[in-house]
Amino acid sequence: MSAFITPFERISSKGGETTNRRRFLQKVLGLFSTLIGLGFLGTLIGYFRPKTELGGGNILRTGEGEPIPADRLQSEPSVIGIGINGEPTIVIRYGGELRAFSAVCTHLGCLVRWVPQRSEFFCPCHAGRFDANGINIAGPPPRPLPRYRVFVNKDGYLELEEPLA
Ligand code: FES
């Protein structure tokens with residue numbers, strides 16, 4: 001008999017049990033399967049849980065999925081987040097009113113930024129410009145930025161509605 005005892009040999013020698021390596025591995029695999037199954041179940045529950053817990057399904061969110069509070073617009077001139085159908089969306093406070101637009105330039109798809117000093121959206125890729133209504137006013141963009149209704153929901157987060165016609 002070897003002086004070196006593996007964990008499997010130690011298990012099999014206790015109380016004369018006939019537990020062998022195969023049974024031990026079956027138990028370990030069973031435990032892992034259970035843990036994986038519980039993780040999958042948790043994911044499923046999270047997927048189907050109603051989003052109304054945070055006030056609705058069209059809340060503007062960060063790239064990490066965190067809802068964006070409306071009070072960020074008190075310290076920042078604009079916020080960009082992920083909006084309806086995953087659309088990058090920019091929200092500004094203009095003349096005391098919240099306005100939301102797709103942040104995707106209608107020329108070749110770069111992200112626009114809000115320039116409060118000029119009350120314009122600016123696209124850095126080819127110097128496209130849009131006014132505070134999202135209307136293309138200079139450069140190559142062929143169309144206005146799609147606009148969304150936006151409001152502050154009961155939890156204080158920015159929430160969007162379908163695009164305005
Ligand atoms: Fe915006 Fe070209 S992509 S101006």
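Two residues are taken to be in contact if their C-beta atoms, placed from the backbone, lie within 7 Å. The structure is a predicted model, in which local features need pLDDT of at least 70 and side-chain atom pairs count only at pLDDT 80 or more, while totals for chains, interfaces and linings use all residues. Residues are numbered from 1 along each chain as its sequence is written.

Ile84 lies in the loop between S1 and S2, strands being DSSP runs (E, at least two residues) numbered from the N terminus. Not counting residues up to four places away in sequence, Ile84 touches Asn58, Tyr148, Leu160 and Glu162. The C-alpha atoms of Ile84 and Ser102, which are 18 residues apart along the chain, are separated by 9.5 Å.

The strands S1 and S2 run antiparallel and are joined by five bridges, and Ile82 stands opposite Pro88 in S2. Both belong to an open sheet of five strands, with antiparallel pairing and the order S1-S2-S3-S8-S9, two strands being paired if DSSP finds at least two bridges between them. Strand S1 (78-82) and S9 are the edge strands, each pairing on one side only.

Leaving aside neighbours within four places in sequence, Leu158 is in contact with Ile59, Leu60, Ile68, Ala70, Val91, Val150 and Val152.

Terms used
Helix = DSSP H or I, 4+ residues; strand = E, 2+ residues; numbered from the N terminus.
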